[in-house]
Structures are given as structure tokens and as C-alpha cells.
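The following note sets out points for a colleague who is reviewing this model. Please read the points beside the sequence and the coordinates.

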Amino acid sequence: PGRSRNHGRSGSPLGQAGAGCHQWPPRCPRGRNRCRISVSVCCRAAVEQKHYFEEETPVHADIPIIARSPLIFHSNSYRHNQSEKCSRDVSPILFDEWRRSKEVICTSNEVSIEQLKLGRWEYKPTITVFKNIILNHLFDDVNKTNVSCEVFASNSLKNDAGITTMNGPVFRVQLFDASNPYEGFHGVLNIAMVMATLNITNPQLVYMVSKGEMESNTRFPSIVEMLTAFSSLKPIIVELPSSWRLTDNGTAVLNTDQPMITLPYMVDFPFQGTSIMVTKTDKALRGRGIDHHCKSEIFRGATDFIRTNLGIGDDSTDASDANSTIQVLWSSRGPYCCRAAGTIYTPTRAIDNEQKLVEAVQTSLGSHYNITTVDFGANMTIIDSVEAAFKSDIIVGVHGAGLVWSAFMKQHSGLVEMFGGNRGTANRHYHNIASLADIHYRSLMLERGKVENLSWNEESLDQIVRKIQSINLKEEPSANEP
């Protein structure tokens, strides 16, 4: 479990934030319906079958599926008076624009292929919708540039090996660098945005993973569990052949001597290295290197959608009452196990004598604040990370992927980001997440230069304390300070 320490004088509602982490490899209980995540993860035999079809079974049966609808993105709770440029880039207007771009690529009898392209976003993210196509495998590459719909027409095929039909919408999903929470979060946000654009609820997610990823990525079971936020259908895990890529432009060929799968409605969206967090547009969003101050009901809707369906928190949208103890979550970057073969990994930009610094900050802040230390990198599950962030009022940490969990904080909460070492203030990743999420943002520099660990002194201690105290949880953030 992730390391968690409480430094305050009053009790912390976070408890042991890393408790309850999944074991790796996961144990498959007798009776596969008892697995919280797909049997394809629990049982290697199922993985070897390449794809596994689950019956519709609620993963969190005791949680009302209230957010598995695109309507959450149209909530009045998160609308703001802001520039027209911001509104066009981060409000539901974006979905309408995406829908209007629909182009029919081809049709043949009952088969059709359509594309929706968001042309003014960087890389022009494209959703491709296949209707009534037939494949040999769920991982089959489908050429989207010069395709003939006749290739996929099931009524023209003679097949003695059998055809399986997958009912309902199927989303084929890959996550870019899933071992990095920040990079992997692009793909998670995109699932929500595609669902809203196409007005789809409860899709069958097909999580397509690189060969060996299940063994090498210790976060894998937790990632799969996060995907259950989007559907009551358990995700299907497909391990890709080593030579396969989602963006290949080869010719689609069916082998009619093998079993085949009919897909009435399949969606591909292979733009997992970008999202609303980092894209550049012709309006307000300028990438991860330039500040923007756009508050997004799309972004807040997506994170509330995910959090609620994971069974975390309630419908409250504001940070703690000003008279209660302010909960500060200190994000540590300590050594942890295991990236590979049981080895201890020590991240860069760890703070020297960090425990002493945290205790000094707690003493300076006094009893009105309570600091809890967690290490998001130390094998905390994704659900534990989301819950820890949601229950905190202010997150403090050195620039790194762990700060992405600030996306799940309540409105008007706060983030204090410390730069240093090989990451300077030109990295605006988390400033822009704070803007989208409508939370306060503060930053400071600890130590510049080519250093592995970061040192601190009385001056930097005083800066950290003043940055934390400057956050008024009852005020709406305006233009966040740099």
C-alpha cells in the first residue's frame, strides 16, 4: 500500500490513504463472477483466448449508475461567465461542433463507416464509427483511409467456423503510457468525451494492451477498475500481437476459415496522447506550456462522472467550510517498488529531509490545518488516489504525475505546485488542470539546476506556508497566479 502519514493534531478523514491496494498478480477467486475486475485480468487462461465476452453484470452493484449518461456534461453547476474563446473550447458547444463534422466514408448494404473530426484541435482527433462490420478478432486493424465497406459486409460471407455477435456499442480503447497517471488520463477523459459526443451510455469497453503490459505494469488491475466507471459491463482485456498498432494503414482482410465477430456498432478513437488537458486550438487552449484560465463544465463533468461511478464522495461541489480544519494532502515522491522485477525505483525531484519539512510546515500553519502525507506513486490504487484527492482541500507537491489527481478535487479547492531540478515553471500541465477544474493554483521554485534531489531552507519553508494560507476555499478562483 502507498505510504500515508498524518502530521496534524486533529484526526484526518483520509485515514490510511493507501490501504486496500490490490495484490499483484491478482488472485482469481473461485467463481469468476466474484472478480471485481475482468476475469481476463484475473485468469491467465482467459487472456490467452485473446478476447472474453462477459454478461452484463454491474461491477459496483450497490452504486446507482446515475452518471453513466452524457447529460452530466450539461450540468448548470459548472457554467461560468468567461470569454467566448473559452466557451467554445471547454463547454458542451464542443460536442455539437464535433457532431456536425460527421462524414460518411462508405456504405454497403447494412455496413457503414463514419468519421467525426475535431479539425481545429491539434492532431485533429477523429472518432470512427463502424456499423455492422465483421472481424476475425477484436484487435484486428481496420484501415480508415482507403477502406471498402464491402470487406466487412457479413451478408456476403460464407463461414462454417461460426460467427459471434457482440450486441451494443463497443469502444476499442488504448491508453498512452498507462504507467504514468498523467499521460494515461488523456485516454480516460477521451472515453467520457466520445460517449457524450455520440450520446452513448453503458458501452462495452475493449481495453487493448501491448504484449507484456499486464505483467510489467503494476498498476494494471487498478487501471482496469477505473474503466468500470464508464459502464456496468466488465471491460474486455485484449492482449495485442507484438506487431499490431491501432494506427496502421494496412489493408483489411478477413480470413473466412476462422471464427468471426459481428459488431453492430464499434467505435475507434486512437488519439490517446492528447486531450482537453493539453491540446492546442485556434481559440483559448494553447498546450501544456502556456497558461489558460478557462473553467470547463466538460472537464468537471467528466471527473465527477468517473468519481461518482467509482463510489467516491457525494454530490457536494465545494471545499471544506472555512471554520473546519483544512485538510492538506502532501504528495511525496519517495522510493517505491516495483517498476520491474522487484526493483526499488527512486524518482527524481524527491525532497531532501522531506519529513522534517512537512513537520515544519505543519507547525507554522497551526491547528487550523492538518497535513497528511501520501505517495501516489507507491502502488496506491487509482481509486485510493481519487478518494484521497477528493477528500482533501489543498494538495501540495513537487511537479510530477501524482498531481494529476488534483483533477478530482472539489470546486474551489487548491493546488500548490513546487518546481525544481529538471522541471521548471515553463511546465504548465497542472496550472491548466486547475483552471479547467475550477480550483485555486499556486506555485514556487525550490531549487533550480541539474540535481537529483531538491533541498529547502527557511525561505522556501516560508514560501510554502504563505502559498497554502493564501488559498481561500470559499472564493471562486479568478486568474490563477503563476
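**Notes on the predicted model**

1. The S2–S3 hairpin. Strands S2 and S3 pair in the antiparallel sense, over five bridges. The model is a predicted one, and the pairing should be read with that in view. The two strands form a hairpin with two residues between them. Within this pairing, Ser 108 stands opposite Val 111 in S3.

2. For context, most residues other than glycine have a negative phi. Asn 109 counts as exposed because its relative accessibility is 64%.

3. Tyr 123 is placed in the loop between S3 and strand S4 (126-135). Tyr 123 is not a glycine, yet its phi is positive, at about 70°. With a relative accessibility of 65%, Tyr 123 counts as exposed.

4. Glu 114 in strand S3. Is this residue buried or exposed? Glu 114 belongs to strand S3, which spans residues 111-117. Its relative accessibility is 11%, and Glu 114 therefore counts as buried, the cut-off being under 20%. Leaving out residues up to four places away in sequence, Glu 114 touches Lys 102, Glu 103, Val 104, Ile 105, Ile 127, Thr 128, Val 129 and Lys 131.

5. The chain as a whole. The chain holds 12 helices and 18 strands. Of its 482 residues, 58% are buried. Among contacts with a separation of 6 or more, 77% are between residues 24 or more positions apart.

6. In soluble globular proteins, nonpolar side chains tend to be buried together. The largest nonpolar core here has 81 residues, and those that touch the most other members are Phe 171, Phe 185, Tyr 207, Phe 299 and Ile 306. Helix H5 gives the most to this core, with 11 residues. A second, separate core has 24 residues, including Trp 330, Ile 371, Ile 394 and Val 465.

7. The surroundings of Ile 306. Which residues does Ile 306 contact, leaving aside its neighbours within four places in sequence? The partners are Phe 185, Val 188, Met 226, Ala 229, Phe 230 and Phe 408. One of these, Phe 185, is also listed among the core residues that touch the most other members.

8. Helix H10. Helix H10 covers residues 382-390, and eight of its nine residues are buried, so the helix is largely enclosed by the rest of the structure. The buried residues are Ile 382, Ile 383, Asp 384, Ser 385, Val 386, Ala 388, Ala 389 and Phe 390. They pack against helix H7 (220-227), helix H8 (297-309), strand S10 (326-331) and strand S15 (394-398).

9. Rolling a probe the size of a water molecule over the atoms shows where empty space is left. A search of the whole structure finds one cavity of 30 Å³ or more. The largest cavity holds about 130 Å³ of space. Its lining has 13 residues, and Pro 181, Gly 184, Ile 223, Met 226 and Ile 382 lie nearest its centre. H5 and H7 each supply at least two residues of this lining, and the largest share, four residues, comes from H5. By class, the lining divides into 10 nonpolar residues, two polar and one charged.

10. The largest pocket. How much space lies in the largest pocket? The volume is about 610 Å³. The pocket is lined by 34 residues, of which Asn 180, Arg 333, Arg 349, Gly 400 and Ala 401 are the closest to its centre. Helix H5 (181-198) and helix H11 (429-437) are the elements that give two or more residues to the lining. H5 gives the most, with three residues. The pocket lining comprises 11 nonpolar, 14 polar and nine charged residues.

Methods:
Residues numbered from 1 in each chain as written. Predicted model: local features only at pLDDT ≥ 70, side-chain atom pairs only at ≥ 80, totals over all residues. Heavy atoms only, no water. 1 Å grid on protein atoms, 1.4 Å probe; cavity = no way out; pocket = protein on both sides within 12 Å on 5 of 7 lines; lining within 4 Å. Points joined across faces, edges and corners; volume = space filled by probe spheres on them. Nonpolar A, V, L, I, M, F, W, Y, C, P; charged D, E, K, R; others polar. Buried < 20%, exposed > 50% of the residue type's maximum accessible area, 1.4 Å probe, protein only. Contact = heavy atoms within 4.5 Å. Core = buried A, V, L, I, M, F, W, Y, C linked by side-chain atoms within 4.5 Å. Pairing = 2+ DSSP bridges.
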